[in-house]
Amino acid sequence: MSLKKRLYQSDIIVAPGVYDAFTAALAASAGFEALYISGAAIAYTRLCQPDIGLVTMSEVAETVSLIRDRVPTPLIVDADTGYGNALNVQRTMRLFERAGATAIQLEDQTFPKRCGHLRDKSLIPAAEMAGKIKAAVDSRLSDETVVIARTDAIAVEGFEKAIERARLYAEAGADLLFVEAPRSREELMRVTSALRDVRPLLANMVEGGDTPLFDAAALGDMGFRLVIFPGGIVRALARTAQDYYRSLAANGTNEPFKDRMYDFKGLNELIGTDRIIARGKQYEGFSGK
């Protein structure tokens, strides 16, 4: 079943954030139905920079390609603002699809954008964003590729304007709607009440962000069909890596930390080294017969 069709099934889809082939492979092995390639997570890990529009289209496309080479799981790709106007959006759509994207998310912020849970965001006109959504729909290579329209209007124009924008983006052809940063359970319920019969809805869970945290079952009961946890893996790894480096600096050895890490053999088992080497040996000494 395609991701687009799956969005209309009753059970909510949980998509964890990933930022490279390693985290994607680990997430896929945990059994998730879809993975979310987070622009913020790429900025944090590849640039050690905040999510303020510094990641480029080519950097994301390369990330998608490397992940797709490793995992078959559907990939939801954060394309920020589409990296420009409607024509840029069309190029982004084609490039990301060829790289292996299953869904592409576009937002209505001005460029450079900000993380949806940072302050002082600004928006492009709703009609301009609707045009970008239409451009994405018109240029996709497959009708099964999901176009996600995100609006950051709650923090800028207010709740009702955010709903108006989401409805307009649906009319432009968006397959999935993402109203960013509702501030309460009541606002989450207002989103689903207003839009659940328009298009499937996405919820975003950010630890320490503006939206209160709920588990997938609760969000499904509210009426959301997809929930993403985009930056959780970075926050988890950051804490673990900080503890590791502090331990090594203090002790001059990894011995005190060894119960919290894989050894060499364990890591190679995790990534399938023996399996990959065996696959390569199948092509040794090919005679052409």
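Two strands count as paired if DSSP finds at least two bridges between them. Strands (E, at least two residues) and helices (H or I, at least four) are DSSP runs, numbered from the N terminus.

The model is predicted: local features need pLDDT of at least 70, side-chain atom pairs count only at pLDDT 80 or more, and totals for chains, interfaces and linings use all residues. Residues are numbered from 1 along each chain as its sequence is written, and side-chain values use heavy atoms, with hydrogens and water left out.

**View 1. An open sheet of eight strands, paired in parallel.**
The strand order is β6-β5-β4-β3-β2-β1-β8-β7. β6 (176–179) and β7 (202–204) stand at the edges. Each has a single partner strand, so one side of each lacks a neighbour in the sheet. On average, neighbouring strands are turned by 25° against each other, direction ignored. Angles are taken between N-to-C directions and run from 0 to 180 degrees; axes are lines fitted to C-alpha atoms, for helices over the stretch in contact. Strands of a sheet pair through backbone hydrogen bonds, either parallel or antiparallel.

**View 2**
L202 has L226 in β8 as its bridge partner.

**View 2. Strand β1 is largely enclosed by the rest of the structure.**
β1 covers residues 13–18. Five of its six residues are buried, so the rest of the structure largely encloses this strand. Buried means under 20% relative accessible area, exposed over 50%, and partly exposed in between (1.4 Å probe, protein chains only). β1 pairs with β8 in the parallel sense over four bridges. Here A15 has I228 in β8 as its bridge partner. Two bridges join β1 to β2 (residues 35–37), again running parallel.

**View 3. Y36 sits in strand β2.**
Y36 counts as buried because its relative accessibility is 3%. G17 stands opposite Y36. The C-alpha atoms of Y36 and A15 are separated by 5.6 Å, although these residues are 21 apart along the chain. Contact means heavy atoms within 4.5 Å. Leaving aside neighbours within four places in sequence, Y36 is in contact with A15, P16, G17, V18, I76, D78, Q105, I228 and P230.

**View 4. D80 and Y83 have positive phi values.**
Most residues other than glycine have a negative phi. D80 is not a glycine, yet its phi is about 50°. Phi of Y83 is near 65°. D80 is found in the loop between β3 and α5, and Y83 lies in that loop too. D80 is buried, with a relative accessible area of 6%. Y83 is buried as well, at 16%.

**View 5. Six residues make a nonpolar surface patch.**
F22, L26, Y262, L267, L270 and I271 make this patch of about 490 Å². Patch residues have over 30% relative accessible area and no salt bridge; like charges are joined within 9 Å, nonpolar side chains (Val, Leu, Ile, Met, Phe, Trp, Tyr) within 5 Å. A salt bridge is a side-chain nitrogen of Lys or Arg within 4 Å of a carboxyl oxygen of Asp or Glu. Areas come from the Shrake-Rupley method with a 1.4 Å probe; for residues, only the protein chains shown count as cover. α2 (21–29) and α12 (264–271) each supply at least two patch residues. The largest share, three residues, comes from α12. I271 is in α12 and counts as partly exposed, at 31% relative accessibility.
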